[in-house]
Amino acid sequence: MGIQPLANNYLSYKQLNYNEKKYKLKVCINPVTKLVSIYKPISSKLMFNNKYPYRSSMSKTMIKSFIDLSILIKKKFNPSKILEIGSNDGSFIKNFPKKQTIGIEPCANVEKITKKMGYNTYSNYWNDRTAKKILKENGRVDLVYSANTISHIEDLDNVLKSINIILKDDGILIIEDPSLLECLQKNTYDQFYNEHIYVFSLIGLENILDKNNLEIFNIQNLKIHGGSNRYFIKKKLNKIKISKNVKIYKQKEINYGLNKISTYKAFAKRVKNSKKKLKEIFLKINLKNKKIIGYGVTAKSSTILNYCKIDGKLISYFVDTTKDKQNKYTPGTKIPIIKYNGFIEKNVDYIFLGAWNFKEEIFKKEKKFIKRGGKFITHTPIPRVI
Ligand code: JHZ
């Protein structure tokens, strides 16, 4: 998918004339583990540092999902100590008493938020060194949770080894990440960007877990982030019954062909076609002198904009609720990002859904825009105007 800038590196006005660092974005599959990843990941320090802009609390959908999960956790597992890897601004740990949780968040600017709230959080990358430090200071935990983070770490063996250090033998690991099956089915190729080193299939994840004496005992499919899976995992020595859901989901992946290279070659073709069609839609609207803005400037949309070469000539500006993204410019394509003021300007005709994964939430919010005939542009499952 061409040469891409860092997906979350929003540019200040001063940085507009600098030469941004760019990287080749290629997707590959490991023929042995069947893990699908980007080729040649870049260093974590370049992506996750004290300038990280993403806040998980910026969407009601996410907040609700974390509340629902915390209710399920309390009911099913009743853990006395929970560790979250990638705690961001605390949207998940906030649902538990402060003494009950430990948060790991390497981006110091974000970790500061939960620390200020009184939570026990560490500004460290998740690895065996961090696990040993936490073990020494807190002891072992009953539950480890991680949403949209494990897929961001290259050395999965080290991630799992570190989890084995901190998790009690009868403890539970819950991880949640976008589903590869749905990514291929919905042609959401923008799930691939430098932070998303892996997009997991159950098949690939199972292989790497197996190597580390861990196994999936249940799976829950979620609508969140365009289709994610929540995997419930245990140590192999723990005798919890394995749900039939695991076998059923694995069969679904096999039936779709996730273990075959031809499936990915077909995906590559669809991605190329999608690029062509999306660009045509933008150019057609532009010819009619209609105004297009973007809604929700996401890391995912950075892949779309840069791959399809959609820049400030086609999108006037993006609106976003995240303070750290406002008054900046999109990476690579340099489209201005402004604060969302609670309504869409009257002269806007089309909205490109950068945050397509929150389509329902956005449609609910923008009823006025829809009522006056405003339209949305999306690339998934096929490029279209809705
Ligand atoms: P959203 C980030 O990806 C980065 P992104 C990361 N790599 C990852 O895996 C996922 O999150 C989990 C805005 N918005 O969640 C807020 C509005 O302005 O799809 C956000 O900037 N108005 C860690 O960036 C963006 O859209 C709204 O009404 O792809 C959504 O970003 C809503 C609902 C959102 O993640």
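Me: In this predicted model, is lysine 211 buried or exposed?
Reply: The cut-off that matters here is a relative accessible area over 50% for an exposed residue. Lysine 211 has a relative accessibility of 56%, and because this value lies over that cut-off, lysine 211 counts as exposed.

Me: Which residue forms a salt bridge with aspartate 157, and where does that partner lie?
Reply: Aspartate 157 is itself partly exposed, at a relative accessible area of 27%, and its salt bridge is made with lysine 211, where the closest N and O atoms are 2.8 Å apart. The pair links distant parts of the chain, 54 residues apart, with aspartate 157 in helix 5 (residues 156-166) and its partner, lysine 211, in helix 7 (residues 202-211).

Me: How many residues apart in sequence are the parts tied together by arginine 140 and aspartate 169?
Reply: The side chains of these two residues, arginine 140 and aspartate 169, meet in a salt bridge with an N to O distance of 3.5 Å. Arginine 140 belongs to the loop between helix 4 (128-138) and strand 8 (141-147), whereas aspartate 169 belongs to strand 9 (residues 167-178), so the parts that the pair ties together are separated in sequence by 29 residues.

Me: Which residue is linked with Arg140 and Asp169 in a network of salt bridges?
Reply: Arginine 140 is partly exposed, with a relative accessible area of 37%, and aspartate 169 is likewise partly exposed, at 35%. The network of salt bridges that holds Arg140 and Asp169 also includes Lys235.

Me: How many charged residues are in the shell around the ligand?
Reply: The ligand is surrounded by 26 residues, of which the closest are His152, Glu195, Lys300, Lys325 and Lys365. When the shell is divided by class, there are 9 nonpolar and 11 polar residues, and the number of charged residues is 6.

Me: Which residue's side chain is joined to the side chain of serine 91 by a polar contact?
Reply: Serine 91 sits in the loop between strand 5 (82-85) and strand 6 (101-104), where it is buried, with a relative accessible area of 7%. Its contacts, leaving aside neighbours within four places in sequence, are with Ser56, Ser57 and Phe66. The side chain of serine 91 reaches the backbone nitrogen of serine 57 at 3.4 Å, while the side-chain to side-chain polar contact, at 2.9 Å, is with serine 56.

Methods:
Residues numbered from 1 in each chain as written. Predicted model: local features only at pLDDT ≥ 70, side-chain atom pairs only at ≥ 80, totals over all residues. Heavy atoms only, no water. Helix = DSSP H or I, 4+ residues; strand = E, 2+ residues; numbered from the N terminus. Buried < 20%, exposed > 50% of the residue type's maximum accessible area, 1.4 Å probe, protein only. Polar contact = N/O pair within 3.5 Å; in protein donor to acceptor, adjacent residues only side chain to side chain. Contact = heavy atoms within 4.5 Å. Near = heavy atom within 4 Å. Nonpolar A, V, L, I, M, F, W, Y, C, P; charged D, E, K, R; others polar. Salt bridge = Lys/Arg side-chain N within 4 Å of Asp/Glu carboxyl O.
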